[in-house]
Amino acid sequence: MLESQRERVPGDDDGELDTALAFLRLKRACALKKVEGLDEEQLRRRLVVSETTLLGLVKHLADGERWWFAHHVGGDPAYADTDFSMLVPEDVSAEQVVADYRAAIAEADRHIAVAGGIETLTA
């Protein structure tokens with residue numbers, strides 16, 4: 001039996017913040033699921049005319065998490081000038097990029113929790 005790539009849409013309806021966070025968790029999980037089990041070559045392969053790769057998209061997502069949530073929500077000026085490049089240097093492994101995305105998610109969740117007065121975001 002083939003595993004479906006589709007995830008269930010969150011059924012949360014406990015307010016705008018709860019719904020937004022449920023969809024954010026869904027989209028993060030979907031991005032990680034898409035790269036799960038792929039090797040370095042597959043993650044670095046260009047499938048479009050631009051320099052875009054799956055690994056580059058993960059890097060871009062990590063940058064976005066930090067720019068939106070650490071900088072804009074948390075007020076951390078360190079991410080004010082994020083360049084959002086999708087180019088991953090050859091000496092940076094796929095494992096490092098995915099780990100960095102997970103770290104960016106955890107950091108973003110801390111900022112969201114503080115700003116929203118929430119104890120934790122993990123479901």
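This is a predicted model: local features need pLDDT of at least 70, side-chain atom pairs count only at pLDDT 80 or more; totals for chains, interfaces and linings use all residues.

Reader: How many residues does helix 1 have, and what span does it reach?

Author: Helices are DSSP runs of H or I with at least four residues, numbered from the N terminus. The expected span is 1.5 Å times one less than the number of residues. Helix 1 covers residues 16–35, which is 20 residues, and reaches 29 Å from its first C-alpha to its last, close to the expected 28 Å. Just after helix 1, Gly 37 has a positive phi of about 85°.

Reader: Which residues of helix 1 are buried?

Author: Buried means under 20% relative accessible area, exposed over 50%, and partly exposed in between, with a 1.4 Å probe and protein chains only. An α-helix has 3.6 residues a turn, so residues three or four places apart point the same way. In helix 1 the buried residues include Leu 21, Leu 26, Arg 28, Ala 31, Leu 32 and Val 35. The buried residues of helix 1 pack against helix 2 (40–44), helix 3 (54–73) and helix 4 (94–116).

Reader: At what angle do helix 1 and helix 4 pack?

Author: Two packed helices are described by the angle between their axes and the distance between the axes. Axes are lines fitted to C-alpha atoms, for helices over the stretch in contact, and angles run from 0 to 180 degrees between N-to-C directions. For helix 1 and helix 4 the angle is about 175° and the axes are 12 Å apart. Helix 1 is therefore roughly antiparallel to helix 4 (under 35 degrees is roughly parallel, over 145 roughly antiparallel, 65 to 115 roughly perpendicular, the rest oblique). Contact means heavy atoms within 4.5 Å. Among the residues making this contact are Leu 21, Arg 28 and Ala 31 of helix 1, and Tyr 101, Ile 105 and Ala 108 of helix 4.

Reader: Is Tyr 101 buried or exposed?

Author: Tyr 101, in helix 4, counts as buried because its relative accessibility is 2%. Leaving aside neighbours within four places in sequence, Tyr 101 is in contact with residues including Arg 28, Leu 32, Val 58 and Glu 65. The C-alpha atoms of Tyr 101 and Ala 62 are separated by 4.5 Å, although the two residues are 39 apart along the chain.

Reader: How many aromatic pairs does the structure hold?

Author: Rings of Phe, Tyr and Trp (its six-membered ring) pair if their centres lie within 6.5 Å; planes under 30 degrees apart are stacked, over 60 edge-to-face, and the rest tilted. The structure holds two aromatic pairs. Trp 67 and Trp 68 have ring centres 4.8 Å apart and planes at 75°, so they are edge-to-face. Trp 67 and Phe 84 are also edge-to-face, because their centres are 5.6 Å apart and their planes at 80°. This second pair links distant parts of the chain, with Trp 67 in helix 3 and Phe 84 in the loop between helix 3 and helix 4, 17 residues apart. Trp 67, Trp 68 and Phe 84 form one aromatic cluster.

Reader: What is the relative accessibility of Phe 84?

Author: Phe 84 is at 24%, so it counts as partly exposed.

Key. Residues are numbered from 1 along each chain as its sequence is written. Side-chain values use heavy atoms; hydrogens and water are left out. Helices (H or I, at least four residues) and strands (E, at least two) are DSSP runs, numbered from the N terminus.
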